[in-house]
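Here is a short briefing on one chain, from its overall build down to a few individual residues. Have a look at the model first, then read on.

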Amino acid sequence: METVLKFKTSINCGSCVAKVSPRLNDSNFIESWDVDTKNPDKILTVHLNAANPDASSDAVQALIKGTGFSIESC
């Protein structure tokens with residue numbers, strides 16, 4: 001089962017995407033993700049593996065904040 005979450009972020013360019021990619025790609029609870037850097041709110045869409053007990057909005061926000069970018073649910 002998959003859960004889709006969307007967040008407003010400060011990830012605004014390819015270099016920023018490259019900085020967050022390792023953390024998001026290495027997460028064991030994220031199935032896939034994408035950042036729309038052309039959207040004014042820089043929307044991060046995350047597909048979570050809902051079967052994983054670590055999968056949560058808070059966990060995604062902690063990953064992004066750990067890279068120095070801002071993030072909030074939308």
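Buried residues, meaning those under 20% relative accessible area with a 1.4 Å probe and protein chains only (exposed is over 50%, partly exposed in between), make up 36% of the 74 residues in the chain. This is a predicted model, in which local features need pLDDT of at least 70 and side-chain atom pairs count only at pLDDT 80 or more, while totals for chains, interfaces and linings use all residues. Residues are numbered from 1 along each chain as its sequence is written, and side-chain values use heavy atoms, with hydrogens and water left out.

**Overall build**
- The chain holds 2 helices and 4 strands, where helices (H or I, at least four residues) and strands (E, at least two) are DSSP runs numbered from the N terminus.
- Along the principal axes, the C-alpha atoms fill a box of roughly 30 × 20 × 15 Å.
- Of the contacts (heavy atoms within 4.5 Å) with a separation of 6 or more, 62% join residues 24 or more positions apart.

**Surface**
- The accessible surface comes to about 4,200 Å², and 47% of this belongs to carbon and sulfur atoms; the areas come from the Shrake-Rupley method with a 1.4 Å probe.

**Helix H2 and its cover**
- Helix H2 spans residues 57-65, and its buried residues are Ala59, Val60, Gln61, Leu63 and Ile64.
- Covering the buried residues of H2 are, among others, strand S1 (2-9), H1, S2, strand S3 (43-49) and strand S4 (71-73).

**Val35 in strand S2**
- Val35 sits in strand S2, which runs over residues 30-36, and counts as buried because its relative accessibility is 11%.
- Beyond its neighbours within four places in sequence, Val35 is in contact with Ile11, Val17, Lys42, Ile43 and Leu44.
- Thr3 and Val35 are 32 residues apart in sequence, and their C-alpha atoms are 16 Å apart in space.

**Ser27 in the loop**
- Ser27 belongs to the loop between helix H1 (14-26) and S2, and is buried because its relative accessible area is 12%.
- A polar atom of the Ser27 side chain lies 3.2 Å from the backbone nitrogen of Phe29.

Note on methods. Polar contact = N/O pair within 3.5 Å; in protein donor to acceptor, adjacent residues only side chain to side chain.
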